[in-house]
Amino acid sequence: MMLAENVVELTIASQLEYIDLVTTLTDNITSMIAFDEEAAYWINMAVRESVANAVEHGNKYDPQRSVDIRFTIGVDALRVSIRDYGEGFDPSTLPDPLDPNNLLNPAGRGILYMRTFMDSVEYARHPEGGMIVTMSKRRAPRQTDEGDHRHDAVGN
Amino acid sequence: MQLEIKERTVGEVVILDLIGKITIGEGSVQLRDTVSRLLEAGHNRIILNLGGVTYVDSSGIGELVSRYTTTKNTGGRLKLLNLPKKIKDLLMITKLLTVFEIYEDEQVALDSFQ
């Protein structure tokens, strides 16, 4: 049976040291599904920013709280969801890093980068607590497919 | 080590050659500590040579901004040299490209302190 999408999941402790582990896995996945080098670089950064936010702002480095990362490799897009177990927040209340008054703030640019590099970034409160960020990036059709995506499934 | 920082002094200007990653945690802290040490020693004419930097995240960009502001507050200047394209992209996205003084030639950067 041909799978429409594959899922890879990873759970890490709330420690910065584990972020490289997640981005290494991200690189392996984007390489496996043939994102070009430029796209792969920026997906790596979006994932890094989101995981760092989950560790730092979500879980506040609490070793008892994990960060769950799920990569869903679909036919048309890669989706990445990152869940923390913190108090949650409303992203619409965050200061705009492009406001002239905020340009020299030392922090607050991560979400802007995520929104710039991914096709979509959505925030939601998880019903069992914490925040879940879901980001997606469309996959370019393979040249040999000539526009026919039906044969572009992972595992073919 | 995520980030290697080599220090050179040319006249009254200190050039920091950065090699590696400036990311949340170790890399950002190293940069902060090095610039703080220079400022405490009275060296506030600083060039960050970013030619060897392979990766910067939002924390690293924030650290560049902080070091720029801290240096300026002491009456000094911190300038950037040899920006890789991707760092330039990150600065452009966050409208920081015009905030920093950016150079592609070391001698021109040094002369700008005169």
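Visitor: What is the order of the 5 strands in the open sheet of chain A, and what pairing do they have?

Guide: In this predicted model, the strands of that sheet follow the order β1-β2-β3-β5-β4, and their pairing is antiparallel. Strands here are DSSP runs of E with at least two residues, while helices are runs of H or I with at least four, and both are numbered from the N terminus. Residues are numbered from 1 along each chain as its sequence is written, and chains are lettered from A and ligands numbered from 1 in the order in which they are written. Because the model is predicted, local features need pLDDT of at least 70 and side-chain atom pairs count only at pLDDT 80 or more, whereas totals for chains, interfaces and linings use all residues.

Visitor: What makes β2(A) and β3(A) partners in the antiparallel sense?

Guide: Two strands pair if DSSP finds at least two bridges between them. Strand β2 (residues 66–74) and strand β3 (residues 77–83) of chain A are joined by 6 bridges and run antiparallel, so they meet that requirement. Within this pair, Ile69(A) stands opposite Ile82(A) of β3(A).

Visitor: Why do β1 and β4 of chain A stand at the edges?

Guide: Each of them, β1 (5–13) and β4 (120–125), has a single partner strand, so one side of each is left without a neighbour in the sheet. Neighbouring strands of this sheet are turned by 15° against each other on average, with direction ignored.

Visitor: Which helices lie across this sheet?

Guide: Helix α1 (residues 19–32) of chain A lies across β1, β2 and β3, running at about 165° to β1(A). Helix α2(A), in turn, lies across β2, β3 and β5 (131–138), at about 180° to β5(A). Such angles run from 0 to 180 degrees between N-to-C directions, and the axes are lines fitted to C-alpha atoms, for helices over the stretch in contact. In total, the secondary structure of chain A comes to 3 helices and 5 strands, which run β-α-α-β-β-α-β-β from the N terminus on.

Visitor: How many residues are in contact where chain A touches chain B?

Guide: Two residues are in contact if their C-beta atoms, placed from the backbone, lie within 7 Å. By that criterion, 17 residues of chain A are in contact with 16 residues of chain B. Both α2 (37–58) and α3 (110–117) of chain A supply at least two residues of the side that touches chain B, and α2(A) gives the most, with 5 residues.

Visitor: What pairing does the open sheet of chain B have?

Guide: Its 5 strands have the order β1-β2-β3-β4-β5, with mixed pairing. Strand β1 (residues 3–10) and strand β2 (residues 13–22) of chain B pair in the antiparallel sense over 8 bridges, whereas β3(B) and strand β4 (residues 77–81) run parallel and are joined by 5 bridges. The edge strands are β1 and β5 (102–103) of chain B, each of which pairs on one side only. β1(B) and β2(B) form a hairpin with 2 residues between them, and Gly11(B) in the turn has a positive phi of about 65°.

Visitor: Why is Gly42(B) called exposed?

Guide: A residue is exposed if 12 or fewer other C-beta atoms, placed from the backbone, lie within 10 Å of its own, buried if there are 20 or more, and partly exposed in between. Gly42(B) has 9 other C-beta atoms within 10 Å, so the residue counts as exposed. Gly42(B) is found in the loop between α1 (26–40) and β3 (45–56) of chain B.

Visitor: What mean confidence does the predictor give chain B?

Guide: The mean pLDDT of chain B is 96, and 99% of its residues reach 70 or more, on a scale of confidence in each residue from 0 to 100. For the complex, the predictor gives an ipTM of 0.91 and a pTM of 0.90.
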